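Me: I have a protein model open and I'd like to learn how to read it. Could you walk me through some features?

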Amino acid sequence: MPLGRSLSMTSLNGLPQCEDEDLPVEDLLLFEISWEVTNKVGGIYTVIQTKAKTTADEWGENYFLIGPYFEQNVKTQVEFSEPPNPAVKKAMDTMKSQGCQVFFGRWLIEGSPYVLLFDIGSAAWNLDKWKGEFWEASNIGIPFHDREANDAVIFGSLTAWFLKELSCQFDDKPNIIAHFHEWQAGVGLILSRSQKLPVATIFTTHATLLGRYLCAASLDFYNNLDQFDIDKEAGERQIYHRYCMERASVHCAHVFTTVSQITATEAEHMLKKSPDVVTPNGLNIKKFSAMHEFQNLHSMYKARIQEFIRGHFYGHLDFDLDKTLFFFIAGRYEFSNKGADMFLEALSRLNFLLRVHKTDVTVIVFFIMPAKTNNFNVETLKGQAVRKQLWDTAQSVKEKFGRKLYNALLRGEIPDLNKILDRDDISIMKRAIFSTQRHSLPPVTTHNMIDDSNDPILNTIRRIGLFNNRTDRVKVILHPEFLSSTSPLLPLDYEEFVRGCHLGVFPSYYEPWGYTPAECTVMGIPSVTTNLSGFGCFMQEHVADPEAYGIYIVDRRFRSPDESCNQLTQFLYGFCQQNRRQRIIQRNRTERLSDLLDWKYLGRCEDTAPCWNSPLPGAKGRACALQRNPPMLRWQG
């Protein structure tokens, strides 16, 4: 049942109710295995990091994360310690005695979960042997030149070895649950099943490998899901072995899950199996004691973004910053998958509408998408230097003016304002004004791109002509680097930057879940998403009239690209027509949706899923017992 607009979002009536299960947590060990444990590559890192506290609270000392050891990550993220569980310690000692480097400690994030890390490099001498064993188990061959796949074999073999050493210590009953994320961890699952280890296994795909590749090729993916020759498409893209690893993991797992209904449909066609349960991704929600507090944060960080804008647009600052809106898109640099192509086209149309209607609103759009760069470009750095110089000049004149005014008032005089500034002060101010003169347009990118002539965003900007002209009401800034509070240009962390913006725009064509609009929602920032993203489908299902709550959902599934672009343009233009009070009210409504995305609720369904002999919550009593019929292990593709 969808949530009614009149209901409080804390009621969560729109979510399926997970029945409480008598899960004997104290007798079980839960291992969560992923290549992104302490190792940020993509969105799975966020999933695991944000879920850790909820899972650790429920499972306590029996919850462990397994990942790869990278010294540069571990130095700042992990506090080493001895394993409190004697069985885990014995399994680690056995592996160490045979030359493998295994590390244990606490991951310094919320919840401080235990982590067990394998040094891939120290075990690389076993690669040929383990590739042979993997071939014997699954008939999947791994080419020598695919380093990522080879690392996955080493990581998976070490994981299976550890689980084998651990399970040998429990003769009375099996009590190990292993949850594997994505194909990089899947080798460990396949080997565990082929060795018939007494381990209950779960496999979660956050996005299918082939789906991502096909969407990036600008194919009509969702309308042709049942038409693709899967083996042929994977082979042409030289990822057939990876695809086989992913598909074998799906079919070998006792329980197969994915993160959204749209990805469930995709998995049914790409991986030839429907998920047993859909487990939406959540976030750790931090509620403020006062409702206005997050609004204050918006004002504070907006002011810091405005400071950057003053420098970037020096000499062309002929628009009112109080009537300027900040839009942004962020994520991996996947031009069509993330919808950057449609967003740019919609911005061109929005610019036309704002100019035709002679509106006084200016829109500044940030593209936060990491790409290969040399460094900051000179013009961008110069802009911030000019801004700082002007600020220092203004402060100096203000201090001198204030001193003269103060002395005059002490004498009981009203100073002559025409004389309070002398000729030197006028000269200083004139020099400051001359320094802001600019003979070029403000740059559309903050960095020197390594291959800017072939960059898709810059090429599209050239095609549509959004060069930050004075007459443009839409101005564009490409920031091809992750945001950092130590940056000399825009010294803000990503969360601070998001809070300072007015609207996040994510018109993705391929987005299995969509953490970027979800993060906007929990921070009270309206966002644009699509009905091809897991987040968009989730909101459509659970919120009546999402638009009223600041969630604009573009229809990219049942409309043509041009119609979808027009719909996006109308969303953006309608947002520009809101006054300040309407935007404040909308942010309050958006923030109320945050409870829908809290791991405290969404985490229950995932964390209690792998019970061997009890029904799976939300899966209509589907049992995931070890005794269920095992899938065929010899993989033929």
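Me: Let's start with Glu-182. Which element is Glu-182 in?

Reply: Glu-182 sits in helix α6. Keep in mind that this is a predicted model.

Me: Is Glu-182 buried or exposed?

Reply: Buried means under 20% relative accessible area. Glu-182 has 8% relative accessibility, so it counts as buried.

Me: And what about its phi angle?

Reply: The general idea first: most residues other than glycine have a negative phi. Glu-182 is not a glycine, yet its phi is positive, at about 65°. Gln-238 also has a positive phi, about 60°, without being a glycine.

Me: Where is Gln-238, then?

Reply: Look in the loop between α8 (230-236) and α9 (240-252). Exposed means over 50%, and Gln-238 has 64% relative accessibility, so it counts as exposed.

Me: Back to α6. What does α6 lie across?

Reply: Helix α6 (residues 182-194) lies across β1 (29-33), β6 and β7, and runs at about 155° to β7. Strands β6 (residues 176-181) and β7 (residues 199-205) are parallel and joined by six bridges. Across from His-181 you'll find Thr-204 in β7.

Me: How do strands get put together into a sheet?

Reply: Strands of a sheet pair through backbone hydrogen bonds, either parallel or antiparallel. Here, nine strands make an open sheet with mixed pairing, in the order β3-β4-β5-β2-β1-β6-β7-β8-β9. At its edges are β3 (78-80) and β9 (277-278), each of which pairs on one side only.

Me: What about the six-strand sheet: what order do its strands have?

Reply: The order is β14-β11-β10-β15-β16-β17, in an open sheet with parallel pairing. Strands β14 (474-479) and β17 stand at the edges with a single partner strand each, so one side of each has no neighbour in the sheet. From one strand to the next, the twist averages 25°.

Me: Can we step through the pairs?

Reply: β10 and strand β15 (residues 503-505) are paired in the parallel sense over two bridges, and Phe-327 stands opposite Leu-503 in β15. Next, β15 and β16 run parallel, joined by two bridges, with Ser-527 in β16 as the bridge partner of Gly-504. Then strand β16 (residues 527-530) runs parallel to β17, with four bridges between them; there, Val-528 stands opposite Tyr-552 in β17.

Me: Which way do the residues of β16 point?

Reply: Ser-527 and Thr-529 point one way, Val-528 and Thr-530 the other way, and all are buried. Both faces of β17 are covered too: Ile-551 and Ile-553 are buried on one side, and Tyr-552 and Val-554 are buried on the other.

Me: Which strands does α12 lie across?

Reply: Helix α12 lies across β10, β11 (362-368), β14 and β15, and it runs at about 170° to β11. Helix α17 packs on the sheet as well, touching β10, β15, β16 and β17, with its direction at about 145° to that of β16.

Me: How do I read a helix like α20?

Reply: Start with its length. Helix α20 (residues 580-592) has 13 residues and reaches 19 Å from its first C-alpha to its last, close to the 18 Å expected at 1.5 Å a residue. Its buried residues are Arg-583, Gln-586, Arg-587, Thr-590 and Glu-591. They cover an arc of only 135° around the axis, which puts them on the same side of α20.

Me: What covers the buried residues of α20?

Reply: The cover includes α11 (293-312), β10 (324-330), α17 (515-522), β17 (551-554) and α19 (561-576). While you're there, check the start of α20: a side-chain oxygen of Asn-579 comes within 3.2 Å of the backbone nitrogen of Arg-581.

Key. Residues numbered from 1 in each chain as written. Predicted model: local features only at pLDDT ≥ 70, side-chain atom pairs only at ≥ 80, totals over all residues. Heavy atoms only, no water. Expected span 1.5 Å × (residues − 1). Buried < 20%, exposed > 50% of the residue type's maximum accessible area, 1.4 Å probe, protein only. Arc of directions from axis to C-beta. Contact = heavy atoms within 4.5 Å. Polar contact = N/O pair within 3.5 Å; in protein donor to acceptor, adjacent residues only side chain to side chain. Pairing = 2+ DSSP bridges. Axes fitted to C-alpha atoms, helices over the stretch in contact; angles between N-to-C directions.
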